[in-house]
Amino acid sequence: METQELSERLRSHDPAVGLRAVGALHRLAEQVEAAAVVSAREQGWSWEQIGDALGVSRQSVHAKYGK
C-alpha cells in the first residue's frame, strides 16, 4: 500500500477502511523496527542501547529479536 493511499484510507469515514489502514501501519512499523534493530546490531549496539532507543527493556527487545 502506498503512503498516499494509506493516508487517504486513514481519513476515511468508514471505520472498516480506517481500521484496515491502522493494521497496515502496525505491520509497516514492525518491519521498520526489525530492520532498524538488525542495523543497530550490525553496528555493534547492545540490546540495552536498542531497548533504550525503542523505550523498552533490553530483555524485551532481546526476546523479540535475539537469536
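**View 1. Glu30 in a predicted model.** Glu30 is partly exposed, with a relative accessible area of 39%, where partly exposed covers the range between buried, under 20% relative accessible area, and exposed, over 50%, computed with a 1.4 Å probe on protein chains only. The model shown is predicted, so local features need pLDDT of at least 70 and side-chain atom pairs count only at pLDDT 80 or more, while totals for chains, interfaces and linings use all residues. Residues are numbered from 1 along each chain as its sequence is written, and side-chain values use heavy atoms, with hydrogens and water left out.

**View 2. The salt bridge between Glu30 and Lys64.** The side chains of these residues meet at 2.9 Å, N to O, in a salt bridge (a side-chain nitrogen of Lys or Arg within 4 Å of a carboxyl oxygen of Asp or Glu). Because Glu30 lies in helix 2 (residues 15-42) and Lys64 in helix 4 (residues 58-65), the pair ties together parts that are 34 residues apart in sequence; helices are DSSP runs of H or I with at least four residues, numbered from the N terminus.

**View 3. The salt bridge between Lys64 and Glu33.** Here the closest N and O atoms are 3.0 Å apart, and since Glu33 belongs to helix 2 and Lys64 to helix 4, this pair ties together parts that are 31 residues apart in sequence. Glu33 is partly exposed at 22% relative accessibility, and Lys64 is likewise partly exposed, at 45%.

Terms used: Helices (H or I, at least four residues) and strands (E, at least two) are DSSP runs, numbered from the N terminus.
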